[in-house]
Amino acid sequence: MSRLIPGVPTTPPLALTARQRLAAYWGVGVMQCRTQLLYRGDLLFRLFGVLLQVYLLSLVWEAAYPASGTAAGHNGHRIALSTQIAYVTFAVVQNWLLNSGGMNFIPHRVREGSVAVDLIRPMRFPTQMLWVHAGATAAQTPFALVALPFAVLAGGAQAPASAVAGVCYAVSLALAVVIALLINTLVSMVAFWTTESTGIFVMYRFVQQFLSGSLVPLWFMPNWLRVLAEWMPFQTTTYAPLAVYLGQARAAPVIGLQMVWCVALFGVLRAVWARALNRVVVQGG
Amino acid sequence: MSWYKEADRTVTAANPIPSHRAYRLLVGAALRAQLQYRGNLLLTLASGIAYQSVGLAFVSVVVARFGSIGGWSLSQIAFLYGMRVTAHGMWTVPASELNWLDMTIRTGEFDRYLVRPAGPLLQLLCRRVYLATFGDLATGVIILAVAAPSAGMSMAPGPLAYLVLALVGGAMVEGAFQLGVASLSFRMVSNQSLRLLIASIMNNFGGYPLHIFPNVTRILLCFVLPVAFVAYLPATVLLDRTGDLSVAPWLAWGSPLAGPVLLFLAYLGWRRQIHHYTSTGT
Amino acid sequence: MPIIEVEGLVKEFRRPKRFGGPFGGLRTLLTRQYVRTLAVDGISFTVDEGEFVGYLGPNGAGKSTTIKILTGILKPTAGRVEVARVVPYQERERNALNVGVVFGQRTQLWWDLPLRDSLELIGRLYGVERARHLANIKRFTEMLALGPFIDTPVRQLSLGQRMRGDLAAAMLPEPRILYLDEPTVGLDVVAKERIRECIAQLNRENGATVVLTTHDLDDVERLCRRIVLIDGGKVLYDGSVEKLKAQYAPHRRLVVQLAEGARWHGVEMAGVTEDILGPGMVAVRFDPNLVGSADVVAAVLARHAVRDLSIVEPELEDVVRRIYAAREASF
């Protein structure tokens, strides 16, 4: 029996309760959030880059749009220029918040060998990583909120299509956050198979930016690209919630699809982790 | 390879190795080092191409739907984009190591350059050959080659010569700003964010025809951070679109000259900052 | 009562064959050819609860691999492992609740945040009841003298301070088993002593089972009653330190300092060898099982004018070195 205070025996618990586990994961997430906030100088510059991107894209769309000020989307809806610009504004900020975050956390830990430390802890590894990424996103959220009014100045804004649409957007956005966490964690697990993850991530970002709809909304995509995007989970993190907000898509199918992706991606994550664990070779004997 | 074994003469501070020979020696060493490093060349090149192509892919989707941007066809915008990426590649292939200046100052590596009998800037640029930059250059050249005919550029020797001059000039404009920002490293601890910001502006705004921007922005992009001189102005000349310009045509015709002038000024600034750095101590 | 049982443990690493040349990276990624290394080749041992075991071996012997298998980070290729009746790699999280680990070269603390924050979070990670955890923090802060720097970010701590922090973090959940992977590497003498004392106390007073992997033989002499010596993935020796010395280096040395001007005439005794160490200094090596030390001393004194005498025990270092050398010679 391990005794710290003589005479009072203790034994470590056989397993943690659900509540204890939640407290543990929450704690890990908070630590990452705080760590990230220490490096906020960097974030400010990147935010300025986000604003410039909004500005540029708004001008490009304006230059592309016909003089009439509206254009037809793929289903025949007419999209006003102001709507398109509002979409661009929100999409860039939302995509920055959800998808631009560190996919570098796991590769860095694997390269340094500090992933061993993560594996010593009594928590599931993929879940732990999800919470770490969530902490990082939480750290970025206040910056995104501050940037939003400036982005609106640079681009444009629009009220939600209806009060219901606004509420559904909030729900959809929450699910989008979860899906983004799942995808980012999943993709960064490639670090367990190769050390060349940086190059892979650059190419991944290219694909993700397009298929998520952050550059071109699905309603203006050529058919083949749109169909491809609809079958991938990326569009549920950027395009889908905004389409609900702007009244270009019905909320129920979107939210339903997001929930399906949440479950599916979590399953894939656990399957990938099971295989990764077999491959774990921690660097630096 | 030794600094001091120049077979025909002894090297001293008063009689240093001429720059061109030093350059060859340094680059040779760096290249050999890189080829020994078992990095994934193909993957690095591919990722470089992917990074540079995002903007163009975006433009092609928009134009596929809307026909043109600001009156410029896809080929013309691609041509402009290709010019910008090529100019960017022409600068980064030799000079990408400039990005590491603040790190070398911090670790003391730069101080070693100051002690050796060759220019510190040269040594910094040759410390490593970053093969990904060739990907950038290759991407740009390919885009140019594909877009030029359908964009309406004449393939006569005159315009081609002008194109080459414009690309070199454009590379120098970008270089001038990168060098200028790098020089700040001698004063500030880390200028990485500023450098990334400038690079990002040049990357993103440089590939679009200037007239889609409102007046104030146009002036900023012409005269404050002269992105326009990198690709847009010479492109209007080559594509015979000087009618779009809101500035005088002679400015567009003479745009390749901006590069050497700006780079020279930046180099003077660099020298001044180094002088300040060495005289006040680390 | 055994708490760690290792039987016939084998771990083979398969790494994709690395190719050189320009397309090397791509070929490495796609190759089906592998290079096999046998890191652990049939290791068996048992550790009882409350024991303090030193786990020794040269670099590349398989020590770290064994520890990683015991903590569930690696899955063995073959063999049986049970720690507190849990198979580590099958139930990693359950095993983690019983175990505390200190990696010498890696910290488990959060790098950018104050030490205190890491220590407080540990309690939540391991489900320690809050009041008890706070009491433990206080206890270990005192024991390891963490007070002066407990609010400093870990990034700014010296190696010795960080190591103490890591030790506190490993011990705070009061684990039944403590794995220490080179905990004193790079530390100065004072810091080493403090850490050794703390570990000894934990083992002595709280009954924690300790497995200490180390290169530092002073650590072993000071702390371990039993050592397991491995090399080339195999166990070379498993037993007490005394027996190790007796078995592999039974000799003692009588170091003689001659009086000024005296000369060495030699000692005529069987089973004795003499080494001249320097002017006026001689070492007489003998096996105490064959020749009594008193007899050797008497023989020396009978023929020489002696200024000083001392009997030197074999150094563990010599013993270990000799074992490794013997092993290499057998290749």
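Select strand 3 of chain C to begin: both of its faces are covered, with C:F52, C:G54 and C:L56 buried on one side and C:V53 and C:Y55 buried on the other. A residue is termed buried if 20 or more other C-beta atoms lie within 10 Å of its own, exposed if 12 or fewer, and partly exposed in between, with C-beta atoms placed from the backbone. In a regular strand the side chains alternate between the two faces of the sheet. Strand 3 of chain C is mostly covered, 5 of its 5 residues being buried. Helices (H or I, at least four residues) and strands (E, at least two) are DSSP runs, numbered from the N terminus.

The model is a predicted one, in which local features need pLDDT of at least 70 and side-chain atom pairs count only at pLDDT 80 or more, whereas totals for chains, interfaces and linings use all residues. Residues are numbered from 1 along each chain as its sequence is written, and chains are lettered from A and ligands numbered from 1 in the order in which they are written.

Strand 3 (residues 52-56) of chain C pairs with strand 7 (residues 209-213) of chain C in the parallel sense over 4 bridges; two strands pair if DSSP finds at least two bridges between them. Here C:V53 stands opposite C:V211, and C:Y55 has C:T213 as its bridge partner. Strand 8 (residues 226-231) of chain C also pairs with strand 3 of chain C in the parallel sense, over 4 bridges, and C:L229 in strand 8 stands opposite C:L56.

Now display the whole sheet: 6 strands of chain C form an open sheet in the order 5-6-7-3-8-9, with mixed pairing. Strand 5 and strand 9 (234-240) of chain C stand at the edges with a single partner strand each, so one side of each has no neighbour in the sheet. From one strand to the next, the twist averages 15°. Helix 6 (residues 159-171) of chain C packs on this sheet, touching strand 5 and strand 6 (177-181) of chain C, and its direction makes about 165° with that of strand 5 of chain C. Axes are lines fitted to C-alpha atoms, for helices over the stretch in contact, and angles run from 0 to 180 degrees between N-to-C directions. Residues are in contact if their C-beta atoms, placed from the backbone, lie within 7 Å.

**Helices 6 and 7 of chain C**

The axes of helix 6 and helix 7 of chain C come within 10 Å and cross at roughly 10°. That makes helix 6 of chain C roughly parallel to helix 7 of chain C (angles under 35 degrees count as roughly parallel, over 145 as roughly antiparallel, 65 to 115 as roughly perpendicular and the rest as oblique). On helix 6 of chain C, select C:G160, C:M163, C:R164, C:L167 and C:M171, which meet C:A191, C:I195, C:C198 and C:L202 in helix 7 of chain C.

**The four-stranded sheet of chain C**

Move to the open sheet of 4 strands in chain C, ordered 11-12-10-13 with antiparallel pairing. The average twist is 20° from one strand to the next. Strand 10 (residues 252-258) and strand 12 (residues 281-286) of chain C pair in the antiparallel sense over 6 bridges, and C:V284 is the bridge partner of C:L254. Helix 10 (residues 293-303) of chain C packs on the sheet and touches strand 10, strand 11, strand 12 and strand 13 of chain C.

**The contact with chain A**

Display both chains: the contact takes 38 residues from chain C and 37 residues from chain A. Helix 3 of chain C gives the most to the side of chain C that touches chain A, with 6 residues.

With 23 C-beta neighbours inside 10 Å, A:P122 counts as buried. Not counting residues up to four places away in sequence, A:P122 touches A:L16, C:E93, C:A96, C:L97, C:L125 and C:Y126.

**Confidence**

Finally, colour chain C by pLDDT, the predictor's confidence in each residue, from 0 to 100. The mean for chain C is 86, and 95% of its residues reach 70 or more. Where pLDDT is low, the predicted coordinates should not be read in detail. For the complex, the predictor gives an ipTM of 0.87 and a pTM of 0.83.

Key:
Two residues are in contact if their C-beta atoms, placed from the backbone, lie within 7 Å.
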